Each structure stands twice: as C-alpha cells, then as structure tokens.
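Let's take a quick tour of one protein, going from a single pair of residues out to the whole chain. Have a look at the structure first, then read on.

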Amino acid sequence: IRNTQYAICNMQYAICNTANALVPRFSPKSLLLYSKSVKIKATINLATKIMRQVFKGKITWVDISAPTEEDINYLRKNYNFHPLIYKELEEPSQRSHTETYNDYLFLVVHFPSWNPKKKISSPWELDIILRKDVLVTVYYEQKSQMRQELFEKIYTKDFEKNYLNNTVKLFHFIIDDFIDFALREIAHIQEKINEVENMVFS
C-alpha cells in the first residue's frame, strides 16, 4: 500500500504502482486495492475529486471527505445509526458535542486551523462515529493539510498491524495526530503573547 500512489489526470484516475505488482479491480468511479488482509475501496466523484475510502481489516474504517447525499445514503444502507446522525452529517455543526447511543458514540470535534493568508484561525470540523467494529470519520473540506498529513502516516507498513484491528486504538491515533497538528497551528498565539510580554515588561 505504501508504494501505491493515486494520480488524477484529465479527470481520470490512474494507479501508479512502484512495487508489489498489485492488480486492482478498476473502474472510472472506484478502485479496489488489496493487501494481504486489508481491503480498501475508494469511491471518487470525478467532477469534484472528492473521495470516500473504506478500509476493511479486522475492523472497518469509513473515511468521508465533504460528504454528499450518496455518502450519507451509503452509511444508511450499511450501518444502522440513529437518523439524527445522518441528518447532522449533511452539513457542519456550530459546536462540538458528544452523543451516546446503545453501542456507539457520535462526536463532533473542532480543531483550530491557521490561515496564513488571512492570518486568522478558523475551526476545522471532524465528525466521528465510534463503534466496536466500525469507525466513521467525516470532514467537510475537500482539502486539508491536517488530513493530508494523517494519510501520509496511514500508508505505511505498520498501520494495518497497529491500528486496523481495534477502533478505539484507531480513534486515538487519529485524534492524537490532529491535536499535535492543531498545537503547531496555534503556536503563533503563544508567539504573539511573548511579543506583547516583551513589549510590556522590557
């Protein structure tokens, strides 16, 4: 998996494999890649280049970027979550919160994201459904440096062994990575505080 790269060329997807001679099943809208025990299905909207990825090992991880009606219907079809959750996934939430159901949790978390051009921090939302056998993560931006860095760590040889066997471990891995990123993003706040302190007390 780590040697497989995705390339978008002229609104079509090509699989550029540099090793292991993977032979995926392929269609214009989706691709399937197989490792020894993990199945990955990526469904791509060619017009927007938005992707839904489903990782299946001992557990299932569904990762959705900028959810569409098709994505939400996919969750409805495959998982019996509360109808209010599907409704909430249709658009970003205004606040962070947690809801507890019989055998799963629904969380909405906001992380600070620094915009260097506007020089402001704005909230970046991650929605999570956590169940013993499945983890669903939903983002509302098509592109994010935070998510890009996460997936650079995911496509490594140790990810399957360490995290695709327990949803709680996978959840902790994702949250911990995003917190580390967020702390770097807001480091400028401490820098500004230090500047003001130096101006006042020097």
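**Strands, a loop and the big picture**

I129 has V136 as its bridge partner in β10. Bear in mind that this is a predicted model, where local features need pLDDT of at least 70, side-chain atom pairs count only at pLDDT 80 or more, and totals for chains, interfaces and linings use all residues. Residues are numbered from 1 along each chain as its sequence is written, and side-chain values use heavy atoms, with hydrogens and water left out.

- Strands here are DSSP runs of E with at least two residues, helices are runs of H or I with at least four, and both are numbered from the N terminus.
- β9 pairs with strand β10 (residues 134-139) in the antiparallel sense, over five bridges; to count as a pair, two strands need at least two bridges found by DSSP.
- Between β9 and β10 there is a hairpin, and two residues make the link.
- β9 (residues 120-131) also pairs with β8 (residues 104-115), again antiparallel, over 12 bridges.
- Across from Y104 you'll find R131 in β9.
- The hairpin of β8 and β9 has four residues between the strands, and K119 there takes a positive phi near 60°.

**A66, in a loop**

- Which loop holds A66? Look between β6 (60-65) and α1 (69-78).
- A66 isn't a glycine, yet it has a positive phi of about 50°.
- A66 counts as buried because its relative accessible area is 13%; the cut-offs are under 20% for buried, over 50% for exposed and partly exposed in between, using a 1.4 Å probe and protein chains only.

**T60, in a strand**

- T60 sits in strand β6.
- Is T60 buried or exposed? It's buried, as its relative accessible area is 13%.
- Leaving out residues up to four places away in sequence, T60 touches V54, F55, Y79, D133, V134 and L135, where a contact means heavy atoms within 4.5 Å.

**Zooming out**

- The protein's secondary structure comes to six helices and 10 strands.
- Of the 202 residues in the protein, 40% are buried.
- Take the contacts with a separation of 6 or more: 44% of them are between residues 24 or more positions apart.
- The accessible surface comes to about 12,400 Å², and carbon and sulfur atoms own 52% of that; such areas come from the Shrake-Rupley method with a 1.4 Å probe, and for residues only the protein chains shown count as cover.
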